[in-house]
Amino acid sequence: MTTDTVSRPIEAPSAAPHPGMLWIPGGTFRMGSDHHYPEEKPAHRVKVDGFWMDATPITNAQFRAFVEATGHTTFCEIPPNPKDYPGALPEMLKAASSVFVPPPGRVSLHDHFRWWGFVPNANWRQPQGPGSSLVGKDDHPVVHVAWSDVEAYAQWAGKQIPTEAEWEFAARGGLDGAEYAWGDELAPGGVHQANTWQGEFPWQNLAADGFVGTSPVASYASNGWGLYDMTGNVWEWTQTWYAPRHPDEKQKACCIPVNPRGAPKAQSFDPAMPELPIPRKVMKGGSHLCAPNYCRRYRPAARMPQPIDTSTSHLGFRCVVRQEPGA
């Protein structure tokens with residue numbers, strides 16, 4: 001595979017709008033991949049304008065500051081309204097969130113309920129459920145945040161959530177066409193570049209990268225733009241509504257999409273659940289649960305749908321600030 005380096009200056013046009021943000025220069029790149037999962041196809045050229053981006057995912061300490069300043073209650077801390085979920089079992093109508101619980105041994109990979117549990121009172125303060133805490137984890141990425149929580153934080157912070165195109169461009173760090181954010185080898189020289197899963201998922205975690213579960217942000221080297229944790233650790237929300245494939249490649253330079261926003265909301269619903277039309281956003285980056293035998297989504301092109309009403313123990317976010325025209 002040929003890997004091209006984007007030869008663009010990274011000098012910022014002005015001072016950072018908020019501490020901890022880095023300037024990501026605009027450019028044209030090839031988004032998606034034709035070599036992995038169907039939803040990543042087709043690879044196609046896209047152009048994005050420059051923007052500022054948080055150097056790391058939002059941490060527990062940062063999210064705590066937001067909650068203390070606003071009194072925000074996260075989505076999963078509020079019991080669901082039965083009217084919104086007709087036919088739901090009573091035990092599902094509790095304040096709860098999805099938590100990864102490794103099974104004791106090898107299980108079928110076709111049933112994710114063998115390792116995901118709907119845990120009452122699991123939330124950002126208690127990421128594994130009652131009895132767990134954030135002691136020693138102020139610098140870990142916040143998890144158990146649904147879309148409404150992400151939007152609320154961004155508004156409070158004076159920021160926005162990145163689009164899928166912005167996120168992928170930033171994750172590539174100036175490498176256009178590389179498999180990973182750092183090149184074409186998953187672990188060059190046997191050195192792990194991100195917090196992912198080693199061993200046989202979901203029961204055997206060898207922790208060869210030094211971590212089980214989330215890790216402190218910036219535990220690994222940054223990418224070419226200076227961003228940390230764009231691969232692994234936690235998945236990250238994007239602003240883009242999910243569609244099961246990318247648009248077709250535009251053959252003329254004049255027709256390359258500029259700052260694409262993705263599919264309409266109406267196309268993001270899960271066709272397998274017509275009785276429960278919940279829109280879905282694109283999440284990017286993979287997590288500490290991505291493993292070669294199950295989920296090879298520790299790549300910039302990888303993407304998955306996430307219902308806006310769902311929070312998990314391996315999904316967080318980071319923010320951007322877009323450069324105003326003429327600024």
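Student: Let's start with a cysteine. Is C295 buried or exposed?
Tutor: This is a predicted model, so keep that in mind as we go. C295 counts as buried, because its relative accessibility is 7%, under the 20% cut-off.

Student: And how many disulfides are there?
Tutor: The count is 0. C295 has the sulfur of C290 as its nearest cysteine sulfur, 3.3 Å away, and a disulfide needs the two sulfurs within 2.5 Å.

Student: What about C319, how far off is its nearest cysteine sulfur?
Tutor: That would be the sulfur of C76, 18 Å away, so C319 is in no disulfide either. C319 is buried too, with a relative accessible area of 0%.

Student: OK, zooming out. How many helices and strands does the protein have?
Tutor: There are 3 helices and 13 strands. About 55 × 45 × 40 Å is what the C-alpha trace spans along its principal axes.

Student: How does the radius of gyration fit with a compact globule?
Tutor: It agrees: for 327 residues a compact globule would come out near 20 Å, and the protein has 19 Å. Of those residues, 50% count as buried.

Student: Switching to helices. Which residues of helix 2 are buried?
Tutor: Helix 2 runs over residues 147-157, and its buried residues include W147, V150, Y153 and A157.

Student: How many residues of helix 3 are buried?
Tutor: For helix 3, residues 164-172, it's 9 of 9. Among them are E164, E166, E168 and R172, along with W167 and F169.

Student: Which residues other than glycine have a positive phi?
Tutor: N121 is one, with phi near 65°, and N259 is another, near 50°. N121 sits in the loop between strand 7 (116-120) and helix 2, while N259 is in the loop between strand 9 and strand 10. N121 is partly exposed, at 42% relative accessible area.

Student: Where are there cis peptide bonds?
Tutor: One joins K41 and P42, with omega about -15°, and another joins F201 and P202, with omega about 5°. P42 is in the loop between strand 3 (27-31) and strand 4 (44-48). P202 is in the loop between strand 8 (175-176) and strand 9.

Student: Last one: is R280 buried or exposed?
Tutor: R280 lies in strand 10 and counts as buried, at 10% relative accessibility. Beyond its neighbours within four places in sequence, R280 is in contact with residues including W241, Y242, D270 and P305. F269 is also on its contact list; R280 and F269 are 11 residues apart in sequence and 6.2 Å apart in space, C-alpha to C-alpha.

Technical notes. Residues are numbered from 1 along each chain as its sequence is written. This is a predicted model: local features need pLDDT of at least 70, side-chain atom pairs count only at pLDDT 80 or more; totals for chains, interfaces and linings use all residues. Side-chain values use heavy atoms; hydrogens and water are left out. Helices (H or I, at least four residues) and strands (E, at least two) are DSSP runs, numbered from the N terminus. The radius of gyration is taken over C-alpha atoms; the globule rule is 2.2 Å times the number of residues to the power 0.38. Buried means under 20% relative accessible area, exposed over 50%, partly exposed in between (1.4 Å probe, protein chains only). Contact means heavy atoms within 4.5 Å.
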